[in-house]
Amino acid sequence: MTTGNLQVAIYGFTSPIRTYEPAGICYETRIIRDKITLGHCTLPIYKNSPVPQPITQEQRKKSSEEPAELRKELFDADNEKYEKYLMKLDPNDCKNQDHYKVLGLSKLRWQATSEEIRFCYRAKVLKHHPDKKKHRGIVMETEEYFTCITKAYEQIGMSDAKRQAFDSVDHKFNDTIPNEKSINPDNFYNELAPIFQLNSRWSSLKPVPGLGKADASRQDVENFYDFWFNFQSWREFSYLDEEDKERGEDRYERREMEKQNKAERERRRKEEAKRIRKLVDMAYAKDPRIIKFKKEQQAKKDKVKEDRQRAIREKQEAIEREKREKEEAEAKQKEEADRKAKEEREREKKERDIAKKAMSQQRKRLKKLAEEAGHWTENPRDKLTEMERIERICIGFTVDQLRELCEKVETLSLHLDIQKALTDAERLKKESAGAKVTLPEDKNKENEKQVEKETWTSEEIQLLVKASNTFPPGTVERWVQIADYINEHRKDSKGLPPKTEKQVIKQCKAVQTMNVKLPATTQNQLGTALPDEDVWSATEQKTLEDAIKKHPASDAERWEKISTDVGTKSKKACIRRFKYLVQMVKNKK
């Protein structure tokens, strides 16, 4: 029957025509996701495929089969307990869920391989997909629970970067470090080796050296600490970003969110670096091997230092020994020179002693001749003059001259002839002294030794004796006062040079050697010239000292009391004696 264009389409009478809708973005996205999930090449739809080459038929067949080395015994059981856990999850809070536990890898976690993650995900999809459950006749109140499985796989199965982000903040990882006080040489390896092994998962460089044992070589220990002191970690904390920049309304807000997230990530990264460094520092400080190595190194340094010091000491000793030998040689030479000089001095001294002894003998000889002859006069005044002349001759004449003069005096018997001989000897001496004065100037030193001796008149000698008694030993500036006394009291002093201190001392010694015995009249006159108050006996001196101690200086009538205690001396005499004693003490100091 022909109906033409009015034919009625009866179901089953004509075959239905299938129409194909052109592939859209949603369709292509699903294809790309499924191929990436299965590990297939995404060409020609998506050129930037993570799979470098197309999967062959053999590879596709192998991928459809179960992996050969899956650790199924470590997978979580997919039972009612798991379903209850899955139903309790909040699909809107997938970020806080345990993705490994959702896929059944809570035992393996970061150690799970990509094949194991993919296998568990496919198993979860086949069993818990809402369509699969409907096909099995299981009615579910909600289908949103499957979103948790999808999000878990997207986080740890599709991208290594996302998986690292989740692994970096895995709540199952123990970040704690043992207390430094709890570590000792006995438990060092047992306590710290597992901690270093656990933290080695964050290292960007592989393989990571282990802590080792007590018998590890020094090179291995140094390599271990060098690696950990320069530890490079891939751990990052982007998973904990509080702000999701994709929710920003504009790019300025998204930039601000990203800025805050980067600051927080950097803070957590620094805290992680400090934690690792604290662990390494503690291990380095407590490592018994490092302590042993440091002791060995210190011992080696000490040995090198000791060797260096010994070398320096030996060198110094050699220098000192050489210096000592040189000094000993110089000392020996000096000692030899001193010995020779001493012998020369002793020889000269012996010669001088002989000459002095000869001079003393001739002087005594002449003085004895003069004393035996009564100085060849009976007049006391002339006798003093002769004594002075004899002393002058003894001082000014040489040994030979004295010997010749003594021999000549011994041959004469008359006093006048002897006096004439003495006068002639003095004249010759003066003439020879005058001749020597006319010598050239280059012999001044020798001439100074032969300078004419100053002559003293009998009057000056008498004044000297009187002044010596007036100013006894201990008087302040005694010889100056004696010289002033002589120059002041002598007659006809205008044409004569004043007597000096040295001349007074010299003449006084000469007078003492002559044993001058003044006439009784002169002695009486000198005795009366000396005040009685300035002559103190031992008893009076003792009484004065006791009185000075008895009466303090604060007493206004001190010296009257002292004078009364002494009894024989006036107040002025006591004061004068006290000043004299004080001056004597000062002179001794």
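Predicted model: local features only at pLDDT ≥ 70, side-chain atom pairs only at ≥ 80, totals over all residues.
A residue is called buried here when its relative accessible area is under 20%.

Helix α11 itself runs over residues 251–286, a stretch of 36 residues. From its first C-alpha to its last it reaches 52 Å, which is close to the 52 Å expected at 1.5 Å a residue.

## Nonpolar cores

The largest nonpolar core comprises 28 residues. Within this core, the residues with the most contacts are L86, V102, L103, L105, I117 and I149. At least two core residues come from each of α3 (80–88), α4 (99–102), α5 (114–128), α7 (146–156) and α8 (160–168). The greatest contribution is that of α7, which provides six residues.

Apart from this core lies another, made up of 24 residues; I183, I195, W234 and I290 are among them.

The surroundings of V102 can be described individually. When residues up to four places away in sequence are not counted, V102 touches Y82, Y85, L86, L89, Q97, K124, C148, I149 and A152.

## Packing of α13 against α17

Helix α13 (residues 380–396) packs with helix α17 (residues 458–470) at an angle of about 90°, and their axes are 10 Å apart. Because angles of 65 to 115 degrees count as roughly perpendicular, α13 is classed as roughly perpendicular to α17.

On the α13 side, the contact is made by R381, L384, T385 and E388. On the α17 side, S458, I461 and Q462 take part. By residue class, the contact of α13 with α17 divides into two nonpolar, three polar and two charged residues.

## I393 within α13

Helix α13 also contains I393. The relative accessible area of I393 is 0%, so this residue is buried.

Leaving aside neighbours within four places in sequence, I393 is in contact with L366, L402, L405, L422 and E426.

Conventions:
Residues numbered from 1 in each chain as written. Heavy atoms only, no water. Helix = DSSP H or I, 4+ residues; strand = E, 2+ residues; numbered from the N terminus. Expected span 1.5 Å × (residues − 1). Core = buried A, V, L, I, M, F, W, Y, C linked by side-chain atoms within 4.5 Å. Buried < 20%, exposed > 50% of the residue type's maximum accessible area, 1.4 Å probe, protein only. Contact = heavy atoms within 4.5 Å. Axes fitted to C-alpha atoms, helices over the stretch in contact; angles between N-to-C directions. Parallel < 35°, antiparallel > 145°, perpendicular 65-115°, else oblique. Nonpolar A, V, L, I, M, F, W, Y, C, P; charged D, E, K, R; others polar.
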